[in-house]
Amino acid sequence: AEIEALSETRRANAALFEMPRRNYIGGRYVRCWSPDYQTRLIHRERTHWEPQSAPEVRRPKPGFSAGKLKGPLLHNRLTPFSVRDVCDGARMEEHATILAEAMAARGKRATLLALLTRPPLAFLKYYLVKRGFLDGRFGLVIAYKSAIGTTLKYSMRYAQETARKL
């Protein structure tokens, strides 16, 4: 309905739409991960996809625009809550590898300062700034999971740099 309410001109010029994603884990809304804007409803011929980017970057080609929708995209896992939702080593390793490779492509390094400060800052961001504490222990676990992901990303980048030196 929101897209249909747009003018014909805006729809004709749209290459893609950004919309907030509402994440759920085990049926619980993850407040501190919102708004998590995602690019959806993509017109392939009007959009440029940047190769080797993580997360994938999509931009409108010249002459087209990106629309922004208010209605959220509900991202609800269909499986019941399990330990793997919080700590899935294989999935976290795969994600960390992708993000570390994206860092390398942008010329970013895993400095000692980044290794020491980024994980605690990620925790503080999701627990305090994004108000994860309002969700009690669940918010604490989500903030901790975010910090672990940041630790893995920078550790993986450090390992890549070290392997290249050998």
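How many helices and how many strands does the secondary structure of the protein come to? After that, please zoom in on helix H4 (residues 112-129) and tell me what goes on in and around it.

Analyst: A quick note before we start: this is a predicted model, where local features need pLDDT of at least 70 and side-chain atom pairs count only at pLDDT 80 or more, while totals for chains, interfaces and linings use all residues. Residues are numbered from 1 along each chain as its sequence is written, and side-chain values use heavy atoms, with hydrogens and water left out.

To your first question: the protein has five helices and seven strands. Helices (H or I, at least four residues) and strands (E, at least two) are DSSP runs, numbered from the N terminus. Of the 166 residues, 31% count as buried. Here buried means under 20% relative accessible area, exposed means over 50%, and partly exposed is in between (1.4 Å probe, protein chains only).

Now for the rings. Rings of Phe, Tyr and Trp (its six-membered ring) pair if their centres lie within 6.5 Å; planes under 30 degrees apart count as stacked, over 60 as edge-to-face and the rest as tilted. By this rule there are three aromatic pairs in the count. One of them is Tyr24 with Tyr29: their ring centres are 5.6 Å apart and the planes meet at 45 degrees, so this pair is tilted. Tyr24 is buried at 17% relative accessible area, whereas Tyr29 is partly exposed at 26%. Together with Phe133, Phe123 and Tyr127 make up one aromatic cluster.

Leu121, Leu124, Leu128, Val129, Phe133 and Leu134 make a nonpolar surface patch of about 570 Å². Patches are made of residues with over 30% relative accessible area and no salt bridge: like charges are joined within 9 Å, nonpolar side chains (Val, Leu, Ile, Met, Phe, Trp, Tyr) within 5 Å. The areas come from the Shrake-Rupley method with a 1.4 Å probe, and for residues only the protein chains shown count as cover. Val129 sits in helix H4 and counts as exposed, with 66% relative accessibility.

What does Ser146 touch? This serine is in helix H5 (residues 136-165), and it counts as buried at 12% relative accessibility. Leaving out residues up to four places away in sequence, Ser146 touches Trp33, Ala122 and Tyr126. Contact means heavy atoms within 4.5 Å.

Side chains of opposite charge can pair when their charged atoms come close. A salt bridge is a side-chain nitrogen of Lys or Arg within 4 Å of a carboxyl oxygen of Asp or Glu, and the whole structure has five of them. In one of these, Arg31 and Asp135 meet at 3.0 Å, N to O. Arg31 lies in the loop between strand E2 (28-29) and strand E3 (36-40) and Asp135 in the loop between H4 and H5, so the pair ties together parts that are 104 residues apart in sequence. Arg31 is partly exposed at 30% relative accessible area, while Asp135 is buried at 14%.

Another salt bridge joins Glu161 and Arg109, with the closest N and O atoms 3.4 Å apart. Glu161 lies in helix H5 and Arg109 in the loop between helix H3 (89-105) and H4, so this bridge ties together parts 52 residues apart in sequence. Glu161 is buried, with a relative accessible area of 8%, but Arg109 is partly exposed, with 48%. Arg157 joins in too: Arg109, Arg157 and Glu161 are linked in a network of salt bridges.
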